[in-house]
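I would ask you to keep the structure in view while I speak.

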Amino acid sequence: MAPKFGTSGLRGLVVDLTSALIAEHVQAFLTAFPNISELYLGRDLRPSSPRIAGDVAMAARKLGITVIDCGAVPTPALALTSLGNGGGAIMVTGSHIPADRNGLKFYTTGGEISKADEQAILEQLEARRPPSATPAGLRQDHQAGDRFCERYLTAFGSNALSGLCVGLYAHSSVGRDLLSRTLSGMGADIVELGRSDQFIPVDTEAVDAITREKLAAWAKQYKLNAIVSMDGDADRPLLTDETGTIIPGDILGQITSSVLGAKTVVTPVSSNSGAEAGQRFKRVLRTKIGSPYVIAAMAEAGGKVVGYEANGGYLLGFDALGPKGLLKPLWTRDSFLPLIVPLTLAQEKSLSEIAAAEPGGVTAATRLQDTPTDLSQRLVQTWIDTPKKLQTFLNAAGAPPVEGTDLTDGLRLYLEGAEVIHIRPSGNAPELRLYVEAANAARADRLLMHAADALRQAVAGLEAGQG
């Protein structure tokens, strides 16, 4: 599949992300946004990222744009630095997808690009901007991570997590060392777990069974209060309670928003119903899946607004007060804030109790990898157009009767008993996404398991020409 824009930036197979293709997209980006005079550059830890970052730097410098190389840093740390200095930014990352794929995330001087900005870039792909007479400069900035760490130490203080023993599933996340330094700086004792020199794609929204078993075993072995982790570029969090059970990202979003005093919450349709059920927020806005949609709705809403996704990524849209200082807005997905805030509450009560007290249902998700996007789209459209075929799937899944549908992003089915099944072709990779919501974790897991089996059967039938 040729590289294309998905829910968050350009993505594609590494073999297709050639130097020429990278140069074309960098040129299109800088042509679409001519006010960018300095470009901040970051990357994750997958093997292809240094080469692609070099291609980005070369392409920008040839156009007379000074490049500030921040090295291997979390995406939100790069965004914090570029926004603070009035520059644009490109993060080289494939986020949570496998190492044979990679991509670019673009930031203008105003922040993460919107869907309208994405279209502006695409419209400039055929443009041929003349090169500068001499290449612009290249300099290093090794403090982007330090600034990001200091953001939270200043707001929460050195005792915010004292007394907690926290496991850090480091794997290959670019934010692993920085998160360790941040949490230990707040007083937590850190036990590092599962560090890897090989890139491991961790999808915080659809964690596989083997990883879940590891987390539970680690929690028991080391008597941990929690385990923290992130995806590859550290903009999506993973948090478990003291038993090693993962707390869904939308629950982290609810907790964090409530503690920070948000008045308006923006979240995609795939998040659970807790934001509305709790009646803690004056306004809840639902969007399509992807941070650009969340950001657009946040900008329109204004005021004390925040955004979060079911993957846990959190966007702060107003000046919020931490226990010790101010947290300035950061309009891009962040994994540190939705980890830190729940952990501060764990000094008084276990995370399992805190999560259980949250209103709304429990979400769970999985994905059918290596499912071509056109096949996924065809399956969803078939079910929209042919209710009888949809009912065959629901019968195979053992699902309750349908009470309503939502076509905002894929096919979302509201079922009897306040349950949900949501099927959506991924915008980032050849995957078919499946989300469910139920009253408790046990029921959500059962519904997810049966629906996933039925979905695999449906995909196989469509491939065989029986759909």
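Predicted model: local features only at pLDDT ≥ 70, side-chain atom pairs only at ≥ 80, totals over all residues.

Residues are numbered from 1 along each chain as its sequence is written, and side-chain values use heavy atoms, with hydrogens and water left out.

Strands here are DSSP runs of E with at least two residues, and helices are runs of H or I with at least four, numbered from the N terminus. Two strands pair if DSSP finds at least two bridges between them. E13, residues 264-268, runs parallel to E14, residues 283-287, with five bridges joining them. Three bridges join E13 to E15, residues 305-308, also in parallel, and there Thr 264 stands opposite Val 305.

Is E13 buried or exposed? Five of its five residues are buried, that is, under 20% relative accessible area with a 1.4 Å probe, counting protein chains only. Thr 264, Val 266 and Pro 268 lie on one side, and Val 265 and Thr 267 on the other.

I turn to helix H15. H15 covers residues 441-463 and spans 32 Å from first C-alpha to last, close to the 33 Å expected at 1.5 Å a residue; that expectation is 1.5 Å times one less than the number of residues. Among its buried residues are Arg 443, Leu 447 and Leu 455. Just after H15, Gly 465 takes a positive phi of about 80°.

Technical notes:
Buried < 20%, exposed > 50% of the residue type's maximum accessible area, 1.4 Å probe, protein only.
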